[in-house]
Amino acid sequence: MRYDGQVAVITGAAGGIGGATAHLLAERGATVVLADLNGDGARDQAAKIGPSAWAAGCDTTDPDQVDGLFDTVVDRYGRIDLVFANAGWGSVGSVLDTSFDDWRRAFDVNVHGTFLTARAAAVRMVRHGTPGSIVVTSSTGAVVPTAMMAAYCSAKASLNMLVAVMAYELGAHDIRVNAVLPGVVSTPMTQAILAAGAEDHVLSNVPLGRLGVPADVARTVCYLLSDEAAYVTGTALVVDGGGAIPGAGWYTNDFRRRGATTWRLQRSRGAR
Ligand SMILES: NC(=O)c1ccc[n+]([C@@H]2O[C@H](COP(=O)([O-])OP(=O)(O)OC[C@H]3O[C@@H](n4cnc5c(N)ncnc54)[C@H](O)[C@@H]3O)[C@@H](O)[C@H]2O)c1
């Protein structure tokens with residue numbers, strides 16, 4: 001997969017998944033624009049990539065900043081081919097304890113920011129008559145209810161529908177739109193929860209037996225952005241080591257051993 005001559009915009013690019021994706025796209029020949037609320041972090045990442053990268057501070061919840069970013073990219077490079085709308089935000093808390101500020105922030109960053117980014121990109125692709133590919137970062141939380149994360153899951157679920165409708169409308173312009181749904185990936189966003197002991201629980205539910213790393217998601221995003229996925233649009237692609245496979249039944253075992261007879265019932269709710 002090569003992206004020579006193509007221009008890619010990545011939001012949330014100062015973070016784990018966005019940064020890894022920017023690096024991979026640049027390695028494979030793309031010119032990359034790294035945008036983030038944390039402008040210094042984005043500039044640090046761009047400096048590590050080298051001259052094919054440029055960075056800008058941008059709050060994706062602000063329509064003027066998003067439009068300004070995309071206008072600047074067109075002025076500098078004359079085109080936009082690939083967009084990874086990836087900036088995200090989440091908080092943890094039961095529904096009873098979720099403040100309206102947290103609820104609203106989850107929708108501002110994950111839904112409104114992603115909509116503004118994807119729309120700004122699509123408007124310019126259509127205006128210039130260029131085909132394009134847009135990938136949006138959703139989450140397995142969009143399809144598997146995750147207690148203590150109602151706002152985040154609800155916001156990410158709405159992105160899956162945005163992607164489907166955008167893909168339907170933009171197909172006529174040769175613009176593909178897809179979502180990537182990471183499971184638990186080790187990044188600054190999950191550091192605190194993992195450090196608090198969530199890692200063991202996560203690992204016991206991931207058939208591939210490890211946490212995700214940013215490169216796992218970056219490789220999938222690069223596939224969806226590339227011509228290898230030329231006939232793929234409107235999908236929600238899960239990248240989670242199998243963690244979201246639903247209802248694996250009543251029984252479990254040590255599946256690394258053949259012929260094991262140590263099967264046991266799955267842990268019941270409330271068991272420790
Ligand atoms: N890490 C995981 O386990 C996981 C799982 C599923 C989905 N995701 C999603 O992946 C995406 C990337 O997250 P990450 O894990 O790399 O976390 P991260 O915290 O490393 O990166 C998120 C980045 O988004 C930026 N950001 C936040 N609000 C912004 C705004 N308003 N405007 C511009 N940038 C903003 C942050 O500054 C940060 O650099 C997010 O959308 C997140 O919801 C992460």
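Student: Which residues make the nonpolar surface patch of about 570 Å²?

Tutor: The model is predicted, so local features need pLDDT of at least 70 and side-chain atom pairs count only at pLDDT 80 or more, whereas totals for chains, interfaces and linings use all residues. Residues are numbered from 1 along each chain as its sequence is written, and side-chain values use heavy atoms, with hydrogens and water left out. The residues are Trp-250, Tyr-251, Trp-263 and Leu-265.

Student: Is Trp-250 buried or exposed?

Tutor: Trp-250 is placed in the loop between β7 (236–239) and β8 (251–252), strands being DSSP runs of E of at least two residues and helices runs of H or I of at least four, numbered from the N terminus. Buried means under 20% relative accessible area, exposed over 50%, and partly exposed in between (1.4 Å probe, protein chains only). Because its relative accessibility is 65%, Trp-250 counts as exposed.

Student: With which side chain does the side chain of Ser-138 make a polar contact?

Tutor: Ser-138 lies in the loop between β5 (132–137) and α5, and it counts as buried because its relative accessibility is 1%. A polar contact is a pair of N or O atoms within 3.5 Å; within protein, one must be able to donate a hydrogen and the other to accept it, and residues adjacent in sequence count only if both atoms are side-chain atoms. At 2.7 Å, the partner is the side chain of Asn-160.

Student: How much of the accessible area of the ligand does the protein cover?

Tutor: A nitrogen atom of the ligand lies 3.0 Å from a polar side-chain atom of Asp-59, and an oxygen atom of the ligand is 3.3 Å from a polar backbone atom of Gly-183. On its own the ligand has 820 Å² of accessible area, by the Shrake-Rupley method with a 1.4 Å probe; for residues, only the protein chains shown count as cover. The protein covers 91%.

Student: How far apart in space are Asp-102 and Ile-134, C-alpha to C-alpha?

Tutor: Asp-102 is in helix α4 (residues 100–128) and is partly exposed, with a relative accessible area of 28%. Asp-102 and Ile-134 are 32 residues apart in sequence, and their C-alpha separation in space is 27 Å.

Definitions and conventions: Patch = residues over 30% accessible without salt bridge, like charges linked within 9 Å, V, L, I, M, F, W, Y side chains within 5 Å. Salt bridge = Lys/Arg side-chain N within 4 Å of Asp/Glu carboxyl O.
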